[in-house]
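Work through the exercises below with the sequence and the coordinates at hand. Each task is followed by a solution in steps.

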Amino acid sequence: MVNRHFLAMLGNKSVIRELSEYATARGKEIGYENVFDFSLGNPSVPAPESYRDAAIRLLEEEEPLKLHGYNPTMGDPRVKEKVAASLNRRFGMSYAPGHIFPTSGAAGAIAHALRCVVEPGEEVMVFAPYFSEYDQYIGGTGGLIRVVPVKADDFQINFEAAEAVFNEKTAAVLINTPNNPSGAVYTEETLRRLAQVLTEKSRQYGHTIFLVSDEPYREIVFDGKKQAYPASFYPHTLSCYSFSKSLSVPGERVGYVAVTPDCEQADKMVAMMGQISRGLGHNCPSSLPMLASAECLEVTSDLSVYETNMNLLYDTFVELGFTVPRPGGTFYIMPRALEEDAVAFCKKALKYDLVFVPGDGFCAPGFFRVAYCVDTEKVRRSLDAIRRFVKAEYPDR
């Protein structure tokens, strides 16, 4: 008999993927340049030349059997050393190579981190709106997801609502900043308060509540600001990173977990992840992109296009009367729909070849997500379509 759990999942397909497939099919009919596809968070700028140069140099200079052979279970020592040094330099940390575990992207990092700190039946707290795949990451541990409702005015952490969600089964809190889907950037004040709450709750329940921090958008922050580093505020933090967004290489699937040196069992965590890999079939990320990424740790693609796109869309949504917190980073914006049912709103938008994602799948009903990682020229052309859509479907606005 086939596995009934995964068979049942076939009926719960990702709305994002369905809308992306719709946009592709519609593009075949009218030309994809005429479909304003804001569904999928796929970087729209090329990787930096330094990444390409590093990959070519490795192919030309490294001994082939060594370059393409299996990596050590705990990851290539050269990569771990460079990642630790970069994090220490940038964020004032004290990581050693033994605190770094290379993974297949941020998804692999989160899967390993959660399995380190969550046992079956325990709970993981997330703050809405949150990336919908967290359901699968947490479910894979045998743990249970507990969702804290949206703080709709700014998408920061809803601490008042979280108070009712904490309990003796809370094993970990999973955060994502800068945030997909809202574009919110947690402030230093928010992160300090979170650290204080986690310290108090750990003391109250008699066990450490770990912080798992999902950070693939760390470098995409607007207005000349930077994302404060969550691990610098709370010692029991596992930081999960991917080079997919900073270097625009999502297909390379390279990331890492960084275990804060003062974390409980910090000296065992990476070794545990090596064992977790055996059950996941992970067995280390690809060697070439991992080594190339390690040569570009403090380099990024030209990410400025995302801020340009954000401002174009934000100004237009505000002009049209939408309620929308201004994103502090990422390449997402999340306005409130012009009717209570965001699914119905997004279906109406399809008539104007505007592909938006309803917020229901992010535990944010009434909102919709716009992924503006598309060419700026196309964003500019979409603005007239948005205006036509609102004028025709919501004439009283």
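A residue is buried at under 20% relative accessible area, exposed at over 50% and partly exposed in between, with a 1.4 Å probe and protein chains only. Helices (H or I, at least four residues) and strands (E, at least two) are DSSP runs, numbered from the N terminus. The model is predicted: local features need pLDDT of at least 70 and side-chain atom pairs count only at pLDDT 80 or more, while totals for chains, interfaces and linings use all residues. Residues are numbered from 1 along each chain as its sequence is written, and side-chain values use heavy atoms, with hydrogens and water left out.

**Exercise 1. Helix α14**

Task: Find the buried residues of α14 and state what they pack against.

Solution. Step 1: α14 has 18 residues and spans 26 Å from its first C-alpha to its last. The expected span is 1.5 Å times one less than the number of residues, and the span of α14 is close to the 26 Å so expected.

Step 2: Thr376, Lys378, Val379, Ser382, Leu383, Ala385, Ile386, Phe389 and Val390 are the buried residues of α14.

Step 3: With contact taken as heavy atoms within 4.5 Å, these buried residues pack against β1 (36-37), α12, α13 and β10 (354-355).

**Exercise 2. The nonpolar cores**

Task: Which residues have the most contacts inside the largest nonpolar core?

Solution. Step 1: A nonpolar core is a set of buried Ala, Val, Leu, Ile, Met, Phe, Trp, Tyr and Cys residues joined through side-chain atoms within 4.5 Å. In soluble globular proteins, nonpolar side chains tend to be buried together.

Step 2: The largest core holds 41 residues, and Tyr306, Phe345, Leu354 and Phe356 have the most contacts inside it. At least two residues each come from α12 (304-319), β9 (332-333), α13 (342-350), β12 (368-371) and α14 (376-393).

Step 3: Take Phe345. Beyond four places in sequence, Phe345 touches Phe322, Ala337, Leu338, Glu339, Phe356, Phe368, Phe389 and Tyr394.

Step 4: A separate second core has 29 residues, including Val126, Tyr137, Ala172 and Phe210.

**Exercise 3. The seven-stranded sheet**

Task: Give the strand order of the open sheet of seven strands, then place the helices that pack on the sheet.

Solution. Step 1: Two strands pair if DSSP finds at least two bridges between them. The order is β2-β8-β7-β6-β5-β3-β4, and the pairing is mixed.

Step 2: β2 (100-103) and β4 (144-148) pair on one side only and are the edge strands. From one strand to the next, the twist averages 20°.

Step 3: β5 (residues 170-176) and β6 (residues 210-214) run parallel and are joined by five bridges. Val173 stands opposite Leu211 in β6.

Step 4: For directions, axes are lines fitted to C-alpha atoms, for helices over the stretch in contact, and angles run from 0 to 180 degrees between N-to-C directions. Helix α6 (residues 105-117) touches β2, β3 (123-127), β5, β6, β7 (237-242) and β8 (255-259), and its direction makes about 165° with that of β7. Helix α9 (residues 188-205) touches β3, β5 and β6, at about 175° to the direction of β5.

**Exercise 4. Backbone geometry in loops**

Task: Where are the cis prolines Pro129 and Pro178, and is Phe155 buried or exposed?

Solution. Step 1: The peptide bond joining Ala128 and Pro129 is cis, with omega about -5°; Pro129 is in the loop between β3 and α7 (134-139).

Step 2: The bond from Thr177 to Pro178 is cis too, with omega near -10°, and Pro178 is in the loop between β5 and α9.

Step 3: Phe155 has a positive phi, near 60°, in the loop between β4 and α8 (159-163). Phe155 counts as buried because its relative accessibility is 3%.

Step 4: Arg253, in the loop between β7 and β8, has phi near 55°. Arg253 counts as partly exposed because its relative accessibility is 36%.

**Exercise 5. Ser248**

Task: What polar contact joins the side chains of Ser248 and Ser301?

Solution. Step 1: Ser248 lies in the loop between β7 and β8 and, at 12% relative accessibility, counts as buried.

Step 2: A polar contact is a pair of N or O atoms within 3.5 Å; within protein, one must be able to donate a hydrogen and the other to accept it, and residues adjacent in sequence count only if both atoms are side-chain atoms. The contact between the side chains of Ser248 and Ser301 is 3.2 Å.

Step 3: A polar side-chain atom of Ser248 also lies 3.0 Å from the backbone oxygen of Val45.
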